[in-house]
Amino acid sequence: MSSDIVFDQAVEIPDILKSGDVVTTLVGERTRLSLRVKAADRIAVAKALGITLPAKIGKTNTKAGIMIACLGPDEWFIVGEKAKYSNLYNKALKLSSKYVMSVTDVSFRNVAVELTGPKVAEIVNVGCPLDLSLAAFPVGKCTRTVYEAAPIILHRLSEDSFAMECWRSYAPYMVGLMTAHVQGQRV
Amino acid sequence: MGDFRKTGKGVIDTQQPVSFTFDGKSYSGFKGDTLASALLANGVHLMGRSFKYHRPRGPVGAGFEEPNALVTVTRGKGRMTPNLRATAIEIYEGMMASSQNRWPGLGFDIGAFNNTFSAFFPAGFYNKTFMWPKSFWDKVYEPFIRNMAGLGPAPTEVDPDVYGAVYGHCDILIIGSGPAGLAAALAAAKKDQRVILVDENVNMGGSLIGAGHVSIDEKSASDWVAKALKDLNKADNVVLMTRTSAIGYYHDNFVALAERLTDYIPEAQIGKTREKLHRIRAGKVILAQGAIERPLVFNGNDKPGVMLTSAAQTFLNKYGVAVGKEVAVFTAHDSAYSAAFELADSNVRIAAIIDAREGVSAELISAAEGRGIDVHIGSVISKTGGKKRVRSVEVYEPVHNTQKTIACDALLMSGGWTPSLHLWSQSKGSIKWDEAKGVYLPDLANENCVCIGSCNGDFGIKAALDAGSKAGGGRKVYKTDEPVFGSGQVFDHLPNYIKPSKTKAFVDFQNDVTDKDIKLAVREGFKSIEHVKRYTTNGMATDQGKLSNLNALEIAAKALGKQAPQVGLTTFRPPYTPTTFGTFCGYRTDDLFEVTRKTAIDPWAEAQGAVFEPVGIWRRAWYFPKAGEDMHAAVARECKATRDSLGIFDASTLGKIEVVGPDAAKFMNIMYTNPWSKLGVGACRYGLMLGENGYIYDDGVVGRIAEDRFHVTTTTGGAPRVYRHMEDYLQTEFPELDVWLTSTTEQWSVIALNGPNARKLIEPFVEGIDLSPEAFPHMNVREGKICGVPTRLFRVSFSGELGFEINVPSHYGRAVWETLFAAGEQFDITPYGTETMHVLRAEKGFIIIGQDTDGTVTPQDAGMSWIVSKKKKDFVGKRSLQRSDLVAEGRKQLIGLLTDDPKTVLEEGAHIVADPDQSIPMDMLGHVTSSYWSESLGKSIAMALVKDGFNRMGDDLYIPMEGGVTHKAKVVKPVFYDPKGERLNVV
Amino acid sequence: MMLIHCPYCDEKRPEIEFAYAGEAHIVRPNAAEQQAMDDVEWSKFMFIRDNKRGEHCERWWHANGCNMYFNAVRNTVTDKFIKSYKIGQKRPSAAQIQKWKDQANG
Amino acid sequence: MKFSARSLFANALSGHENWPEQFPNKEPKKEYDVVIVGAGGHGLGAAYYLASKYGITNVAVVEKGWLGGGNTGRNTTIIRSNYLFDESARIYDHALDLWDGLSQELNYNVMYSKRGVLMLAHNVHDVQSFKRHVHANRLNGVDNVWLSPEECQKIVPFLDISQNRRYPVMGGAFQQRGGVARHDSVAWGYARGASKLGVDIIQNCKVIGIRRGADGAVEGVETEKGFIGAKKIGVSTAGNSSVLMEMAGLRFPLESYPLQALVSEPVKPIVPCVIMSNAVHAYISQSDKGELVIGAGTDQYTSYSQRGALHIVEHTIMSICEIFPIFRRMRMLRNWGGIVDVTPDRSPILGKTPVQGLYVNCGWGTGGFKATPGAADMLAYTIAHDAPHKINAPYNLDRFVGGRLIDEAAAAAVAH
């Protein structure tokens, strides 16, 4: 039966965003977890899961197909390649009896896009009020913020590349805003 | 044309002629001209009519401060822009401009009749009349006044242009690119800082543009500007923005810039961003906005051809246009002399310089005489000749009481300079009165912000350059060769031999405010400058007092016998320049105005022809009409099909919050009225949430997934506030609880199946869950798989039928829905929308928060005392429920109503009385909250909040409607269908 | 749009990431206290606010940031923030606020 | 001097040199029977009614700035009375009755224009809620009617009533007696009227304390111009009410928020009535000068700065342009802020306080202007009788204790 099942992320990237100063791509299926751990158990839980949980808000750790961002004092957002990390949720679940923590699967809550190109900050700044200079928003930084009316998670992948994700139903709006900006300049 | 064009002057491109029309007549100008400069080059001064008296008006200024030369530009359907300043808009090939506020034409305007009788319309006249007879006000006077309103035409079509809005950041934002701003940018560019330099004009350089007579560091001013711009363009830490107005200065150095991108382009395409809002956060703001010349207030200062001296200078230097052939200059400031000399040196005859001051430096006088210009010291202009253009001035010398008429075709005036403090003042920087200069200057900063150049009272080019360099972090000292800027004298009154009643000296050129109006206001007790402004409307025109405020202040101060600073200044308000609404909208129009949240199943519903309704910011399928069906027919069919066999409903919008942690149950006990500790894993319970005020806040079914994990659902619209409410209590009041909240609304698509065949449909698709009634009773939740994807399967019902709510990962939601729908054909599966959902639940007496309750209903009022735990010591809202008025008799309570005539469906919102024959105002008992035609029951049903409702069971009540119709209805318990709940257990 | 220092992120962030959450240090009475309070006392907890013209202790929620509630002292006449601090810290004394102001100014 | 077309004509002939002061600014006497703090429309109106209706003329109105300079001169001048609850309908309708003859009564044209207020419904919940209002209003004798989308369009020809929009117009509630008035003129008219009856208006006189005697009763106000004695003090200071109450040792259920408004450049007449759209937070009318007058929402935080944020303005204009896209090319001329004092149920507090001799009129939030004559009259009545009138009796402080709130906004609550 599952072969009939179509994966659908509510939005497609219009052609106008696929070329030019900034190239936008839609990120495919991922495992996403919201992990909450009491400070005292952070290192132990990380060890048990075989991952690193950065201690400081805004910091990320990315390696081998998994990105872990510290979004709040006891909150980590984990995005992993599906094939490799589909079992991470169950692993974390099992730790819950041992440590003061919680894990929630939010794999299908979000839709992510990646933007790359020399003018990437300009497109992010269409809706995001943060200072995106490298000094203020260095490579690797990840935070919740807003893209006009859409709450987003913003992650700088490199000097000229960001990942942006939002809740599923906000994705057409998020992409729509980028599109409007690029269209208004290209005409 | 060309009569007034001076070759070799200006920065226009004389190789590129541009033709345009004004009021239907064709003219020609050059690329780089403003509409005003091009018309002046053609000898046209008459460009508009004033607001109240419809006086013929020409430009007074040469830039954005212009109050009078306002025009409408049309460039196709929906692209009509009224009230544009002719002095600030660039001409383009084919531009169509027209004058406004006149009928039938600019030359002859019936409205000018007001001018003839202006004596009867002084400031505040409307307060004093139009009161009798009273009935005339609504029918005659008020409509008449309203019809006189406005300057340009109102829009009639939707604007097809698009706009943009972006955020930006910099270390230094410099506003104004005159000598001060440029020098600041040059200095700042050398540091490792991000610099933005903005100017509202087309060209950077401000007063240096075309200033051929001045040299800076041994270069001509033009060359210096060119070099400066070249250097700045090369620096990659500097962004130069022209045609960009800094319109507002907000908290913490947040500055709004409005950039104009297409209005000057001949074939400006629809689809290209017309204007863009840049919301800039700056580390430091440098204001170099310059100063605006002050008009003189004298009899006849409103004739077309009377303008600011600096305007004439700008027209000459920037556009190569002489504003007349024989120009008189009336001044109270030295700076007018150098302007007059520039004109004279360009072969414009200066008819005379009339200087109101007694003492004028001998150098200036001899320099004038050297050019053959008569200077009349200690003299004023007592009147001007001409109607639609100034033709002469009468020079009055009060000491000897002599008058002399001098012919001219333009009259320049200079009453000194007003530093532009608008943005400084918006930043909440304080200002102080400078007695020597007779101006307000910046005092203490409130933000990291400095004013430099003439907006700081540092007049003259060198002063501006040096201040700029310093502000930009440099230490450069510039060398200039410029005429001495000099000084002036502020006159609060210019003498005249003509009786005041026979004179008209304008202060606000657009709103027709004269010196007499201001004196009248003071005489009538309007003594604060804000009162004067409001009573006379001085400074409230589209230039927002840029030219008029200081003159009004001086006149008011004199009338009050006070010094200007004692009278005060009106507040500067954003925007600095009127700014298009579209610019504030940016991209956020139509689909981008607000997020319209749609479920994964929404496209399917749309393809099926569903009608949608907005619920919060979601859109939901409302009903699924078949050909020829209206809503009632569709809903009746959907209800029947669901009760008879099987209905399918998209419940994905319900809010979901995952409450997880060792203290999860404890936390739930605090947030909900009912107890959670003993709820078994795999079981569900309906939860009711109150605000701390004791009123119903939200509700929803909660499933216990694990000992430490609750799957909480909320109402669709309530999800964000419930989440916030929970986080607030958790973090602020109960931080010791080890529990965490995660919104999972969008993790899951929720497919609700209701009807006797619900189980039969899903059986073949479900893996890992025993669906038998014994293993999976009503109000339980199981985890497993459906259609091959993971599911949290709830056995719950909001219809009273056997029901399941299938939670599946939302990116697979549509696929699962389509699979089930296809398989449901055998059961005649029927999709239904929110309306049918509402009917089905109302038949069962289930409430909808926000419809059957509002923010004033307690659980007891709603007949839900059963859900309020008596044992729990604390939950949110518990204490408030005990307040005297919440336990008092006679509260409104939720009951059912059955109409006498079963075919009558009551109107939701209709009010209920016990005695329909009483007179108005009636004693109302309450209102109908929900009311539907119940196809299943063959009669109408309703729910209502009624005073003391529980004690009225069986009573007849009345619902008086419009037109004398009164419905009668009986109070019943609000459960209409299957009161024993047997249908839940269909096997 | 103000800039607000979040004590958890230790960054100044734009106001639109935050939600204002009312006056700070209004502690919700516990179950026993609630029952001991009459309606008048309860209404004070519920509704009475300083609404101070001047330095005001208030709560903010970094909803689109670290998701934390925190407290801040802000001057309601100038809208200038003096200091933000974490939930659980005591209401700062006037002397403490003055100290913070002095630190900010010098 | 009586204002009329005739006096205007006569004065024109003498060059308008002989108009007397409309409201002389007085120095304070040592003592008055009543001191009103706050010379906005409400405070001046209360002084006027004390003198004209309740026979108390030994009254001073003290004002820290210039009269009419607070919310009276900063609001969008909307007048309506189509409120849901009986208590609200009674006080706002009382105000509407007084508005109707106010120009004649004051001999001062306040330009009350009954051009109507149209409230647009954009979703099913709006329809239910507005109909609830219309039915309650009808049985309360308040002229508010339900209109179909087509009927709405008849009143507002440029209204787009196609149903496939993000915020379709699903109908509207229309109150013909609603409309606008000239805000400044209301303050000036009351000031002139009160002055003529002997009331002293004292501007630029900030109250810095409220003096209470040993028995706790008020004895007068300390001001920048010295102590002014009065056994009765009426406080009508809108956004600053908490500050004044604190001077008397009272803490109040109030919070003050910035509220912004804006006008466009003037254009020829287009907007025929006041149009409100609660669902998108937009309301608009057109002034007699031709400016579109647009109200914004409050900022989220409490503040006395009379200054709001850009994103509030952006959202307001977006909302207007969403409902009326033809205005997208209009330009904003001026934007300003005021301070509104808001109670927990967003209804006012109008009556006696726990302090003997201290009366208060506050908490009008965003709705104070429309209530001006009604609130002023009720404050005057309460001061004169040392007891509230039955119209303002429900607006007491006790309701926050027992819980009998008058919560119009909660009654319109949205969920589902």
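Author: Let us begin with pairing, where two strands are said to pair if DSSP finds at least two bridges between them. Please also keep in mind that this is a predicted model, with scores of ipTM 0.97 and pTM 0.97.

Reader: What is the bridge partner of Glu58(C) in β5(C)?

Author: The partner of Glu58(C) across the bridge is Ala72(C), which belongs to β5(C).

Reader: How do you know that strand β4 and strand β5 of chain C are paired?

Author: Between strand β4 (residues 55-61) and strand β5 (residues 69-75) of chain C there are 7 bridges, and the two strands run antiparallel. Pairing asks for at least two bridges, and therefore, with 7 bridges, β4 and β5 of chain C count as paired. As background, strands of a sheet pair through backbone hydrogen bonds, in either a parallel or an antiparallel way.

Reader: Which strands form the open sheet of chain C, and in what order?

Author: The open sheet is formed by 4 strands of chain C in the order β3-β4-β5-β6, with antiparallel pairing.

Reader: Why are β3 and β6 of chain C called edge strands?

Author: β3 (19-23) and β6 (81-86) of chain C each pair on one side only, and they are the edge strands. On average, neighbouring strands of this sheet are turned by 30° against each other, with direction ignored.

Reader: Which helices pack on this sheet?

Author: Helix α20 (residues 719-733) of chain B packs on the sheet and touches β3, β4 and β5 of chain C, while its direction makes about 120° with that of β4(C). Helix α3 (residues 94-105) of chain C also packs on the sheet, where it touches β4, β5 and β6 of chain C, and its direction makes about 115° with that of β6(C).

Reader: Why is Arg619(B) called buried?

Author: The relative accessibility of Arg619(B) is 17%, and the cut-off for buried is under 20%, so Arg619(B) counts as buried. Arg619(B) is found in strand β34 (residues 618-623) of chain B, and, leaving aside residues up to four places away in sequence, Arg619(B) touches several others, among them Thr596(B), Lys598(B), Asp602(B) and Phe612(B).

Reader: What makes the link between the side chains of Arg619(B) and Asp602(B) a polar contact?

Author: The side chains of Arg619(B) and Asp602(B) are joined at 2.9 Å, and a polar contact needs a pair of N or O atoms within 3.5 Å; the pair is therefore listed as a polar contact.

Reader: Why does Arg475(B) count as exposed?

Author: Arg475(B) has a relative accessibility of 84%, and exposed means over 50%, so Arg475(B) counts as exposed. Arg475(B) is placed in the loop between α11 (461-471) and β29 (480-481) of chain B.

Reader: Why is helix α23 of chain B called mostly covered?

Author: In helix α23 (residues 834-844) of chain B, 11 of its 11 residues are buried, including Met837(B), Leu840(B) and Ala842(B). These buried residues pack against several elements of chain B, among them α18 (631-644), β34 and β49 (926-934). After α23(B) comes Gly845(B), whose phi is positive, near 80°.

Reader: Which residues have a positive phi although they are not glycines?

Author: Asp978(B), with a phi of about 45°, is one of them, and His16(D), with a phi of about 55°, is another. Asp978(B) lies in the segment after β52 (966-972) of chain B, and because its relative accessible area is 14%, under the 20% cut-off, Asp978(B) is called buried. His16(D) lies in the loop between α1 (5-13) and β1 (31-37) of chain D, and its relative accessible area of 8% is also under 20%, so His16(D) is buried.

Reader: How do you know that chain A and chain D are not in contact?

Author: No contact joins chain A and chain D, whose closest C-alpha atoms lie 10 Å apart; a contact would need heavy atoms within 4.5 Å. Among the 5 pairs of chains that are in contact, chains B and D share the most contacts.

How values were computed:
Residues numbered from 1 in each chain as written. Chains lettered and ligands numbered in written order. Predicted model: local features only at pLDDT ≥ 70, side-chain atom pairs only at ≥ 80, totals over all residues. Heavy atoms only, no water. Buried < 20%, exposed > 50% of the residue type's maximum accessible area, 1.4 Å probe, protein only. Axes fitted to C-alpha atoms, helices over the stretch in contact; angles between N-to-C directions. Polar contact = N/O pair within 3.5 Å; in protein donor to acceptor, adjacent residues only side chain to side chain.
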